[in-house]
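Try each task yourself before you read its solution.

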Amino acid sequence: MSGAPARTLLLWCPDWPVLAAEIVDGVPATDPVVVLHANRVVACSERARAEGVRRGLRRREAQGRCPQLTVVDHDPARDARAFEPVVAAVEEVVAGVEVIRPGACALAARGPSRYLGGEEAAAERIVEHVAQTCAVESQVGIADGVFAAGLAARDGRIVPPGGSPEFLAGLPVEALGRPALTDLLRRLGVRTLGDFAALPPGDVLARFGFDGALAHRLAAGRDHRPLAVRQPPADLTVTADHDEPIDRVDAAAFAARTLAEQLHERLAAHGLACTRLGIEAVTAHGQELHRVWRHDGLLTAAAIADRVRWQLDGWLSGSNGRGGARPARPTAGIIRLRLVPDGVLAQAGLQPGLWGETGEERERAHRALSRVQGILGPEAVVTAVLGGGRSPADQVRLVPWGDERLPARPGPPPLPTAGPPSPAAAPERAVSTRSRAAASVPVPPWPGRIPPPAPAVVLPTPLPAAVHDAAGEPVVVSARLAVSAAPARLTVGAGRPAEIVGWAGPWPVDERWWAPAEARRRARFQVCLADGAALLLAVEGGQWLVEAIYD
């Protein structure tokens, strides 16, 4: 590889794991603080260093040197989250930033130096902007190559062009950041990077391998790795401001059409399509409205416009519907409308159906349900999602149409359907669980779970019942799950007694025994009646209940 290393500007935040713990967890960085990984210190605060704490010390030794130490566990995810605002602040001044690690980022120095009036002026501008924006102290180093720039940043130096080999020559071999290689070089009498760089490259490769040869190139100032700059995400949001507040549905429909076409054109320019759309509106009184629409296909300009129009119709129509089922009407007209493509993918990335598109029937049903939801609100149209649990009532969760179909408890994945799932009109109605025929799907263990087949109808409110034996005595279940006698007759509420011709159980459930306020202990039975009906019964606190009905 030929050519000189690129001129690089590197921003370094000292003791970043300690600062990240202060930013995220509120641990004061001015106190003696250490960050531990594998029981060794990986970072420490300035006050801890003043007490003799150094990187690499074991926890017990560090606490022996400074008994008042605050110990924080190493969390790379926390460090990365806290460093993101710093990178964003740097990108406000210059473009083409590469994150080396949490606490250090690099960029090509040529552009900022020419635009801001020199390398020193660029470094001062970036450090000042990061301090003002994020309240974080940082240092900048500029040299030929990322490696030399990183070492220069520790002293806040600007190495002249072509001076990186000379700058590196006097540094100890520990600057390579390779403990095993450093220890071996020390035992061989190689103590500085200049001594290491003076060794023949072929001998270094033969003796230390590929990683040693790479370290040899870095020590000689021949860092030719190009910067892998990150690309800031494109702003795909479209916004429309209206001088006259929109309070009529026809005016809202016109605004929705124009804004939808702008969003679709912007997405198409990036080769993207939208599958989840966020609609935001601000009224003249400052009220903020927000709703997210999801779609299982690619939203065209017409589909985007329809959903915006439906949502605006639902907002502007307000609670003048029958029964007051609609949300309250905004107190003023809409002055700002914003469309946010919340879920995007490549335009050719959605696989169509085996025999073509999804079909007119499915699209028509989806449009009808989406319109009802836009008028009556998201909770007016719900679908059932199958999950895990011990009782049939726990295994079904009702979610609004278009929301992510995630179960409340871990269980089998949802079964694929040819069309939209049938919506339930209201949560109070009985829920059909007939579709849970995925017996072959692995399900997490739920001790006390009712064995298959699952009941067809789960009652939202269990019905009180009474169970008697052949002698007419009530059937009771002891604490040790001993049944006093075989169940012979069942009476539901005030109805007539029915003969029990078959039964199975009990299946005990002792849930949340560690929380007395939420503890629940019951036993369940499956019974078959003489008229062919099959029921799921539960006895809890001496009271019999009908929980579900089988086919």
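Among contacts in the chain between residues at least 6 apart in sequence, those joining residues at least 24 apart come to 56%. Please keep in mind that this is a predicted model. The chain has 551 residues, of which 39% are buried, and its secondary structure comprises 14 helices and 20 strands.

**Exercise 1. An aromatic pair between helices**

Task: The structure holds four aromatic pairs. Classify the geometry of the pair formed by tryptophan 16 and phenylalanine 83.

Solution: 
- Step 1: Start with the rings. Their centres are 5.3 Å apart and their planes stand at 70°.
- Step 2: Apply the cut-off. Planes over 60 degrees apart count as edge-to-face, so the pair of tryptophan 16 and phenylalanine 83 is edge-to-face.
- Step 3: Check the burial. Both tryptophan 16 and phenylalanine 83 are buried.

**Exercise 2. An aromatic pair between strands**

Solution: 
- Step 1: Tryptophan 503 sits in strand β17 (residues 498–511) and phenylalanine 525 in strand β18 (residues 520–529), so the pair ties together parts 22 residues apart in sequence.
- Step 2: Tryptophan 503 has 36% relative accessibility and counts as partly exposed, whereas phenylalanine 525, at 1%, counts as buried.

**Exercise 3. A charge over a ring**

Task: Which residue lies over the face of tryptophan 12?

Solution: 
- Step 1: Look above the ring of tryptophan 12; the residue over its face is arginine 154.
- Step 2: Read off the distance, which is 4.9 Å from the ring centre.

**Exercise 4. Positive phi angles**

Task: Where does alanine 38 lie, and where is alanine 135?

Solution: 
- Step 1: Alanine 38 has phi near 55°, a positive value in a residue other than glycine. Its place is the loop between β2 (33–37) and β3 (40–44).
- Step 2: With a relative accessible area of 65%, alanine 38 is exposed.
- Step 3: For alanine 135, phi is also near 55°. This residue is in the loop between α6 (119–134) and β7 (139–144).
- Step 4: Alanine 135 is exposed as well, its relative accessible area being 71%.

**Exercise 5. Two helices packing**

Task: Describe how helix α12 and helix α13 pack.

Solution: 
- Step 1: The axes of α12 (residues 249–269) and α13 (residues 301–317) are 8 Å apart, at an angle of about 145°.
- Step 2: The crossing of α12 past α13 is right-handed.
- Step 3: Residues of α12 in the contact include Val249, Ala256 and Leu263, and among those of α13 are Ile304, Val308 and Leu312.
- Step 4: By type, the contact residues are 13 nonpolar, one polar and four charged.

**Exercise 6. A histidine in a helix**

Task: Is histidine 129 buried or exposed, and which residues does it touch?

Solution: 
- Step 1: Histidine 129 is in helix α6.
- Step 2: Its relative accessible area is 19%, so histidine 129 is buried; the cut-off for buried is under 20%.
- Step 3: Leaving out residues up to four places away in sequence, histidine 129 touches Ala89, Glu92 and Val93.
- Step 4: From histidine 129 to valine 93, the C-alpha to C-alpha distance is 7.9 Å, with 36 residues of separation in sequence.

How values were computed: Residues are numbered from 1 along each chain as its sequence is written. This is a predicted model: local features need pLDDT of at least 70, side-chain atom pairs count only at pLDDT 80 or more; totals for chains, interfaces and linings use all residues. Side-chain values use heavy atoms; hydrogens and water are left out. Rings of Phe, Tyr and Trp (its six-membered ring) pair if their centres lie within 6.5 Å; planes under 30 degrees apart count as stacked, over 60 as edge-to-face and the rest as tilted. Buried means under 20% relative accessible area, exposed over 50%, partly exposed in between (1.4 Å probe, protein chains only). Helices (H or I, at least four residues) and strands (E, at least two) are DSSP runs, numbered from the N terminus. A charge sits over a ring if NZ of Lys or CZ of Arg is within 6 Å of the ring centre and within 35 degrees of the ring normal. Axes are lines fitted to C-alpha atoms, for helices over the stretch in contact, and angles run from 0 to 180 degrees between N-to-C directions. A crossing is left-handed if the near helix is turned anticlockwise from the far one by less than a right angle, and right-handed if clockwise. Contact means heavy atoms within 4.5 Å. Ala, Val, Leu, Ile, Met, Phe, Trp, Tyr, Cys and Pro count as nonpolar, Asp, Glu, Lys and Arg as charged, and the others, Gly among them, as polar.
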